[in-house]
Amino acid sequence: MGENTFDHLLAGWRQDPDVSRGVGATLPSHHSHCLGCGAENPHGHHLVVTRNAPDTVVATHTFDARHVGAPGIAHGGAVATVFDDLFGFLLYSIGDLAVTRKLDVEYLSPVLLGLEYTLQASIAERAGRKIHMAATLQASDGALVARSGALFVTVDFEHFKGPGRPS
Ligand SMILES: CCCCCCCC/C=C\CCCCCCCC(=O)SCCNC(=O)CCNC(=O)[C@H](O)C(C)(C)COP(=O)(O)OP(=O)(O)OC[C@H]1O[C@@H](n2cnc3c(N)ncnc32)[C@H](O)[C@@H]1OP(=O)(O)O
């Protein structure tokens, strides 16, 4: 991503973090090449995420051959990627930038390739810079297949600048 593009992204977030979008709204991707939600990342999950309550977001996802771990089963890291990115959409409810400090995933049953799953994430608690979040991944029959918890920590814009990062 070119530096002008990244500056533009940060400026856009600063001006309008989309916190005002209503329940039922589809939220903007983090950026076009984001591994979780960017439409232009050929390796990405292309998540489309909707706000279904003020502090809750939902998405459906079908893992495919790009995400295979054991034959027919999604790689655990791919599942964690999707949880992490979904948590990133809760920042639109908060209006502050934050990054993942801790991510826990419980794999209760295999996540199968080619089946559509429903994911939901919500804010559990906010304390100072810390934002605790929780999420579920359910099969089409409602069975709980995986769940995740995350600790995000708010950061300022300078976090995204510096060595190795776009300036
Ligand atoms: C959504 C809008 C986007 C718009 C576009 C904008 C452009 C940006 C583009 C896109 C972004 C969105 C993309 C979302 C994708 C999903 C999110 C990711 O994948 S993020 C990448 C992975 N994560 C990192 O790379 C972090 C690396 N870690 C760090 O940089 C630091 O560790 C950081 C900033 C997280 C914290 O460092 P410290 O030095 O500032 O803070 P300390 O003091 O260590 O911790 C803060 C508090 O947290 C507690 N804490 C830390 N670890 C804890 C733990 N394990 N359990 C409980 N508390 C803990 C501490 O005790 C402290 O608490 P006390 O404030 O004192 O009360």
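## Ground rules

Residue numbers start from 1 along each chain, following the sequence as written. Since this is a predicted model, local features need pLDDT of at least 70 and side-chain atom pairs count only at pLDDT 80 or more, while totals for chains, interfaces and linings use all residues.

## Overall layout

The protein has three helices and six strands, arranged α-β-β-α-α-β-β-β-β from the N terminus on. Both kinds of element are DSSP runs numbered from the N terminus: helices are H or I with at least four residues, strands are E with at least two.

Of the 167 residues, 26% are buried, meaning that 20 or more other C-beta atoms lie within 10 Å of the residue's own, with C-beta atoms placed from the backbone. As for contacts (C-beta atoms, placed from the backbone, within 7 Å), residues 24 or more positions apart account for 60% of those with a separation of 6 or more.

## The annotated stretch

An unreviewed UniProt entry puts "domain: Thioesterase" on residues 72-145; UniProt positions follow the numbering used here, feature names are shortened, and annotations may be inferred rather than shown by experiment. In the model, that stretch is 24% helix and 45% strand, and its end C-alpha atoms sit 15 Å apart.

What do they pack against?

## Two buried spots

A121 belongs to strand 4 and is buried because 26 other C-beta atoms lie within 10 Å. Setting aside neighbours within four places in sequence, A121 contacts T56, V57, L86, F87, L90, M133 and A135. D156 is 35 residues away from A121 along the chain, with 23 Å between their C-alpha atoms.

G36 sits in the loop between helix 1 (3-15) and strand 1 (50-53). Why does G36 count as buried? Because G36 has 23 C-beta neighbours inside 10 Å. Not counting residues up to four places away in sequence, G36 touches G44, H45, L47, T81, V82, D84, D85 and G88. From G36 to T154 is 118 residues in sequence and 20 Å in space, C-alpha to C-alpha.

Notes: A residue is buried if 20 or more other C-beta atoms lie within 10 Å of its own, exposed if 12 or fewer, and partly exposed in between; C-beta atoms are placed from the backbone.
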